[in-house]
Amino acid sequence: MENMTRRDREKLLREEEIVSAAEKVFLEKGFEAASMDEIARAAQFTKRTLYQYFENKEDLYFAVVLKGFKKLFAYLAEAVDDKQCGFTRIEQTCRGYYRFFKENPDTFRTFSYWGHVKKKADAGSKKKYELAEFNNLMFKSVAGVIDEGKADGSIKPGLDSDKAAFSLVFMLTGFMNQLSATGENFTKHFSLDIEDFSAYSIDLMLETLKR
């Protein structure tokens, strides 16, 4: 930001304020019920100003999710020790993802509409493309660590790294979505400790990779 002009800095700060306000409205109302009018009021800008930065509500939602993805990516970078073997780094990634979910439930909730909104958005949406590229980067990072684990002997050699990365992230995300929706009721009903149950479930997922 140091090399930016004052005008560019102000523009960036205004965009960040709009995204933060949109995140609050999406969390309170859900994507469908949220309106650009409500987001403009929450951000204390005119709706016309919002459209100077974002083409539509879908683009604004993608900006909110991208903000969350970047926060998650930075969180996982702190959780993973690059000096460890591939399997240990995958384990650290999974447990870090779970801790992120526990510590940032609102951010995690904003991810839940993505599949639905993606179908509605224009094919040429720049924000949709930017978000998809960042999402691909995260999957490739996981697949790359699986490749390294296969090379160092800590992960099963016959696995398809890309498919394994997709499956692991899908299973873990689905598990956390279920926890978010019904976790406390489920674990209380079956007299389970939620943290012990979560750790056990992650262990089961990881066992499919371990050599």
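Residues 12–72 are 80% helix and 0% strand. UniProt, in an unreviewed entry, lists residues 12–72 as "domain: HTH tetR-type". The structure shown here is a predicted model.

Now take the whole chain. Ten helices are found in the chain, and zero strands. Read from the N terminus, the order of elements is α-α-α-α-α-α-α-α-α-α. The C-alpha trace spans about 55 × 45 × 30 Å along its principal axes.

Next come the domains. The domain assignment gives domain 1 as residues 1–53. Domain 2 covers 57–208. The UniProt span, by contrast, is listed as 12–72. Taken over C-alpha atoms, the centres of domain 1 and domain 2 are 27 Å apart. The two domains also touch: 15 residues of domain 1 are in contact with 16 residues of domain 2.

How do contacts run along the sequence?

Then look at burial and surface. The chain has 211 residues, and 41% of them are buried. Its accessible surface comes to about 12,600 Å². Carbon and sulfur atoms hold 51% of that surface.

Last, the charges. The chain carries 33 positive side chains and 34 negative ones. The centres of these two sets lie 4 Å apart.

How values were computed: Residues numbered from 1 in each chain as written. Predicted model: local features only at pLDDT ≥ 70, side-chain atom pairs only at ≥ 80, totals over all residues. Heavy atoms only, no water. UniProt positions renumbered as here; feature names shortened; annotations may be inferred. Helix = DSSP H or I, 4+ residues; strand = E, 2+ residues; numbered from the N terminus. Buried < 20%, exposed > 50% of the residue type's maximum accessible area, 1.4 Å probe, protein only. Areas by Shrake-Rupley, 256 points an atom, 1.4 Å probe, with all protein chains shown as cover. Lys, Arg positive; Asp, Glu negative; His and termini not counted. Charge placed at Lys NZ, Arg CZ, Asp CG, Glu CD. Domains from an automatic or database assignment. Contact = heavy atoms within 4.5 Å.
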